[in-house]
Amino acid sequence: MNRDTYTYLVGGVEDTEQRMLTQATALHAGVTTRTTALAVPGVHGSHHAERVTFDPPSMAMEWELLAPSWSDLDHEYAVLAGLLARPGDVELTRRVLDVVGVATDQHASARLKSIAESKGSTASPLILVTALLELPSVFWRGAVVTSAPIAAATDTSSPVASLDGSTAPVVDAVLRVTGPAASIDVRDLATGTGLSWTGTLAAGQYLYLDAAQLRAWTTTSASAWAATGSDVSTGLDYPAPGPLELWPTARTVSVAVTGTGRSATTALAVRAAPAYL
């Protein structure tokens, strides 16, 4: 792959000299949104919900397949079809290289909707293969990163630097609160969504709040990002706008942290993967 360009990997497999992605494949899939609109009699226009919801996008990808013989070409087609039509979701990797050759990878799950071929304009073994894929989880994701601790001894608002650059909402963050605390409330500044918890978190303990699973647990481990220790989900709640979704504004995610029973050691860390359209 040349520098300052992009390509896609299917199931972690790169293109070969016989199978090359063409420029007909876009860098971004494109998205559509839906909102809930309320029309008020006698009032111009309509009122919409504060947040949009994204529909799963479809993405067209095109490869040029060429080989020394038609039997070899048939083999190349079979390999590509096998990568795309595997049971369940297939992982797509969008790889972008900058001008100095440094690669950035973003990942999304995809499902094959259709695959078709057209013959090249020469008599040699060459065909174009077009596949239409659906991205059921909508967004592309970067690597999972844990943010630096945000001091939460007093009420504060702070950017989550580890999610800088995001262009889509992050809905599956796991929060870690370093004790002590009698209650904690974390809100996304852009949407008002959040998670709150009430209970007893001693100094030296850690509270974890899972936004996707709506679970909470405590432990003495600073790395218990998967549910373990004591289940304290009965103390978990969320505000009227909904469970925590971290929405970027100008590609920056910011949260507000409030609570009670805190001390100088109380802190918040966020573990999540950046999300992209």
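Where is Ser 158 found? Ser 158 sits in strand E14, where strands (E, at least two residues) and helices (H or I, at least four residues) are DSSP runs numbered from the N terminus. Before we go further, please keep in mind that this is a predicted model, in which local features need pLDDT of at least 70, side-chain atom pairs count only at pLDDT 80 or more, and totals for chains, interfaces and linings use all residues. Residues are numbered from 1 along each chain as its sequence is written, and side-chain values use heavy atoms, with hydrogens and water left out.

Let us stay with Ser 158 for a moment. Its relative accessibility is 16%, so Ser 158 counts as buried; buried means under 20% relative accessible area, exposed over 50%, and partly exposed in between (1.4 Å probe, protein chains only). Setting aside residues up to four places away in sequence, Ser 158 touches Ile 150, Val 253, Ser 254 and Val 255, a contact being heavy atoms within 4.5 Å.

At the E21 end, E17 and E21 are joined by two bridges in the antiparallel sense, and Ser 196 has Asp 237 as its bridge partner in E21.

Now turn to the core. In soluble globular proteins, nonpolar side chains tend to be buried together. Here the largest nonpolar core has 34 residues, and those with the most contacts inside it include Leu 175, Leu 209 and Val 255. Such a core is a set of buried Ala, Val, Leu, Ile, Met, Phe, Trp, Tyr and Cys residues joined through side-chain atoms within 4.5 Å. Among the elements that give two or more residues to this core are strand E15 (174–178), strand E18 (206–210) and strand E22 (254–260). A second, separate core of 23 residues includes Met 61, Ala 67, Leu 80 and Ile 127. Val 255 also brings us back to our opening residue: leaving aside neighbours within four places in sequence, the contacts of Val 255 include Ser 158, Leu 246 and Leu 268.

E18 pairs with E15 in the antiparallel sense over five bridges, with Leu 209 as the bridge partner of Leu 175. E18 also pairs with strand E19 (residues 215–219), again antiparallel and over five bridges, and here Leu 209 stands opposite Ala 216. E18 and E19 form a hairpin with four residues between them, and in the turn Leu 214 has a positive phi of about 50 degrees. Leu 214 is partly exposed, with a relative accessible area of 34%.

The peptide bond from Gly 179 to Pro 180 is cis, with omega near 10 degrees, and Pro 180 lies in the loop between E15 and E16. Val 138, in the loop between strand E10 (126–134) and strand E11 (140–141), has a positive phi near 75 degrees.

Finally, consider the charged pairs. Side chains of opposite charge can pair when their charged atoms come close. A salt bridge is a side-chain nitrogen of Lys or Arg within 4 Å of a carboxyl oxygen of Asp or Glu, and by this rule the count comes to nine. One of them joins Glu 14 and Arg 95 (3.9 Å, N to O). Glu 14 lies in the loop between strand E1 (6–10) and strand E2 (19–21) and Arg 95 in strand E8 (residues 90–97), so this pair ties together parts that are 81 residues apart in sequence. Glu 14 and Arg 95 are also linked with Asp 105 in a network of salt bridges. Another salt bridge brings together Arg 19 and Glu 76 (3.6 Å, N to O), and both of these residues are buried.

Note on methods
Two strands pair if DSSP finds at least two bridges between them.
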